[in-house]
Amino acid sequence: MTSKTIANGILRALGIVTGILLTLYFFYMIRSVLAYLAAAAVIALIGRPVVLFLRRKLNFPNTLAVILTMIFMVGVLAGIFALFIPLITEQSKNLSLLNIEELQRSINTLYLKTTQYFGLSSNMVEDVIHDSEIERNIIQGLNIGFVPNFLNSLLNILSSASIGLFSVLFISFFFLKDSKLFQNGLLIFVPKTKEKGTVNSIEKINNLLSRYFVGLLLQIFILFVIYTIVLLIVGIENAIVIAFLCALFNIIPYVGPLIGGALMITLTMTSNLGADFSEVILPKTGYVLIGLVIGQLVDNFFSQPFIFSSSVKSHPLEIFLVIIIAGLLFGVVGMIVAVPGYTAIKVILKEFLSENKIVKSLTENL
């Protein structure tokens, strides 16, 4: 091997590494566009069954079926936002007259009532949460003056997100109208010998993920109904909005239900600050807790097995490990995309490495 050959090899390797780094940098710079494409792909997968139903069962033209589907989905989205308008309006009025010191005293009063009811002394609680942020916030007084600034920032984010929403809906329309658009774009980078396998993989991934996302919506809807009924029975204000928020947290596997449950219990307790703790606050909180348990039992023994077994066709333990690993590597976003991403990888492996023993055992149900 001559020095010229070695030099050419090194230059070629440097060129490849440079090309990869530039490509990654390019993807980083257009990350917003990639996020729009990913969101549009999810919306297209959710709307796909509706379009197919209108086309095959009702004989609608493709364009009309897509337009009606988009109108339906935008209507549902607008309805969800409409739920929050009264709550946002009410909170905006409250914030303009908000007495931070009074709110701090109310929350600290709730804390004192809780400790007194359970027979806990301040010293015992201080020992448990010594030198922690909780101690500084609860024992010494909550500093929640950031609330108005936080909501103002949130409103700015929502207003700037309007461009993103329009972009996502625009891309979703064309993904639904031309279901081969993404496929044709991907085939440009695929060798001729692999085109058939790639097309088969895309079709199977579309079918599986479409069923998965529809099932996920059904899961959220079931929890929303259970939570709404419980909160309405207990008599909590803005029950529908709170139930929707808590059900929506279930998108985050395993961690989401805990966050949603903590949020619901907190809002239940703070909505009755002026009432007697043992006769009003504690019983209402107990009823809400029972409703949360019922909702999670229904979700764990009905909704999730239905979604994972019928849609992505993976064992619950397999899914659990994938979600945990994705969460450790990529955080909450990883947990959310773990199941659809893993499903897509399994389909691709089955198509191109079907003879591999490990692949065969993992994809036997596909």
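Reader: Which element gives the largest share of the lining of the second largest pocket?

Author: A pocket is an open set of points on a 1 Å grid over the protein atoms alone, where a 1.4 Å probe fits, with protein on both sides within 12 Å along at least five of seven lines; lining residues have an atom within 4 Å of a point. Helices are DSSP runs (H or I, at least four residues), numbered from the N terminus. Here H12 gives the largest share, seven residues. This is a predicted model, in which local features need pLDDT of at least 70 and side-chain atom pairs count only at pLDDT 80 or more, while totals for chains, interfaces and linings use all residues. Residues are numbered from 1 along each chain as its sequence is written, and side-chain values use heavy atoms, with hydrogens and water left out.

Reader: How many residues of that lining are nonpolar, polar and charged?

Author: Ala, Val, Leu, Ile, Met, Phe, Trp, Tyr, Cys and Pro count as nonpolar, Asp, Glu, Lys and Arg as charged, and the others, Gly among them, as polar. The lining of the second largest pocket has 17 nonpolar residues, six polar and no charged.

Reader: Is Thr228 buried or exposed?

Author: Relative accessible area (1.4 Å probe, protein chains only) under 20% means buried, over 50% exposed, and in between partly exposed. Thr228, in helix H9, is buried because its relative accessibility is 10%. Leaving aside residues up to four places away in sequence, Thr228 touches Ile240 and Ala243; contact means heavy atoms within 4.5 Å.

Reader: Where is Asn59 found?

Author: Asn59 is in the loop between helix H2 (31-56) and helix H3 (62-96). Asn59 counts as exposed because its relative accessibility is 63%.

Technical notes: Helices (H or I, at least four residues) and strands (E, at least two) are DSSP runs, numbered from the N terminus.
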